[in-house]
Amino acid sequence: MPSRQTLTALPALWLLTDARNDAALDRALARLPRGSAVIFRHYHLPVAERRARFAVLRRQGRARGLLVVLAGKEHWPADMQYGRRIAGRPWLATVHSAREIARANLAGADALVLSPVFPTRSHPGAATLGPVRFRLLARLASAPVIALGGMDAAGARRLRWLRWAAIDGLSRA
């Protein structure tokens, strides 16, 4: 498990899992560069199936040198926690505004996932931050920021941001 000190070298690429990319997940994991991260969500599965799927993904991730992050309230072994603090484990906070960034800073989040940067299939028609507002908000964070929302390699270049996360943008063939 990474310590707070090692989190200064957070991965650049973060693949989020869900029902949409489950069928392509093995291929997506195989394409991720060593040292990337995978955030296991799979909220659509019942707990027993979710735990079994996480165990498989964790083995695959470890074998490929990936950081394995667990979303949700479960206390299963993982390198980091996504969305909430679990004592003794580094965690990522999800933020969408200056107020949420301030709360995550005060709570001691080890990294922040800031979204949505661009239009996304997850939230069609939702307001987006765009590059300028994203950068302004990211400057308020006291921890590293990961861009999420409509991200892919082209979006990361457009944003000129090192750390980014995606579902579709890293799962497509």
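**A walk through the terms**

Guide: Let us start with His42, which is found in the loop between strand 2 (37–40) and helix 2 (47–63). Helices (H or I, at least four residues) and strands (E, at least two) are DSSP runs, numbered from the N terminus. Please keep in mind that this is a predicted model, where local features need pLDDT of at least 70 and side-chain atom pairs count only at pLDDT 80 or more, while totals for chains, interfaces and linings use all residues. Residues are numbered from 1 along each chain as its sequence is written, and side-chain values use heavy atoms, with hydrogens and water left out.

Visitor: Why is His42 called buried?

Guide: Buried means under 20% relative accessible area, exposed over 50%, and partly exposed in between (1.4 Å probe, protein chains only). His42 has 0% relative accessibility, so it counts as buried. Its phi is near 45 degrees, a positive value in a residue other than glycine.

Visitor: What makes Arg160 count as exposed?

Guide: Arg160 has 65% relative accessibility, and therefore counts as exposed. Arg160 sits in the loop between helix 5 (153–159) and strand 8. Phi of Arg160 is near 55 degrees, a positive value in a residue other than glycine.

Visitor: What makes a set of residues a nonpolar core?

Guide: A nonpolar core is a set of buried Ala, Val, Leu, Ile, Met, Phe, Trp, Tyr and Cys residues joined through side-chain atoms within 4.5 Å. The largest one here has 39 residues, and those with the most contacts inside it are Leu15, Leu29, Leu112, Leu114, Phe134, Met151 and Trp164. A second, separate core of 17 residues includes Trp14, Leu67, Met80 and Ala165. In soluble globular proteins, nonpolar side chains tend to be buried together.

Visitor: Which residues is Leu112 in contact with, leaving aside its neighbours within four places in sequence?

Guide: Contact means heavy atoms within 4.5 Å. With those neighbours left aside, Leu112 is in contact with Ala93, Val95, Ile101, Ala104, Asn105, Ala141, Ala143, Pro144, Val145 and Ile146.

Visitor: How do you know that Leu16 is buried?

Guide: Leu16 has 1% relative accessibility, so it counts as buried. Leu16 lies in strand 1 (residues 13–16). Not counting residues up to four places away in sequence, Leu16 touches several residues, among them Ile39, Tyr82, Leu148 and Ala166. The C-alpha atoms of Leu16 and Tyr82 are separated by 10 Å, with the two residues 66 residues apart along the chain.

Visitor: Why is Ala166 called buried?

Guide: The relative accessible area of Ala166 is 3%, so Ala166 is buried. Ala166 is found in strand 8. Leaving aside its neighbours within four places in sequence, Ala166 is in contact with Trp14, Leu15, Leu16, Leu148 and Met151.

Visitor: What makes the pair Ser115 and His96 a polar contact?

Guide: A polar contact is a pair of N or O atoms within 3.5 Å; within protein, one must be able to donate a hydrogen and the other to accept it, and residues adjacent in sequence count only if both atoms are side-chain atoms. The side chains of Ser115 and His96 make such a contact at 3.4 Å, so the distance is within 3.5 Å. Ser115 lies in the loop between strand 6 (111–114) and helix 4 (130–138). With 7% relative accessibility, Ser115 counts as buried. The peptide bond from Ser115 to Pro116 is cis, with omega near -10 degrees.

Visitor: Is Ser142 buried or exposed?

Guide: At 60% relative accessibility, Ser142 counts as exposed. Ser142 is in the loop between helix 4 and strand 7 (145–147). The side chain of Ser142 makes a polar contact with the side chain of Asn105 (2.9 Å).

Visitor: What about Asp110: buried or exposed?

Guide: Asp110 has 10% relative accessibility, so it counts as buried. A polar atom of the Asp110 side chain lies 2.9 Å from the backbone nitrogen of Trp91. Asp110 itself lies in the loop between helix 3 (98–107) and strand 6.
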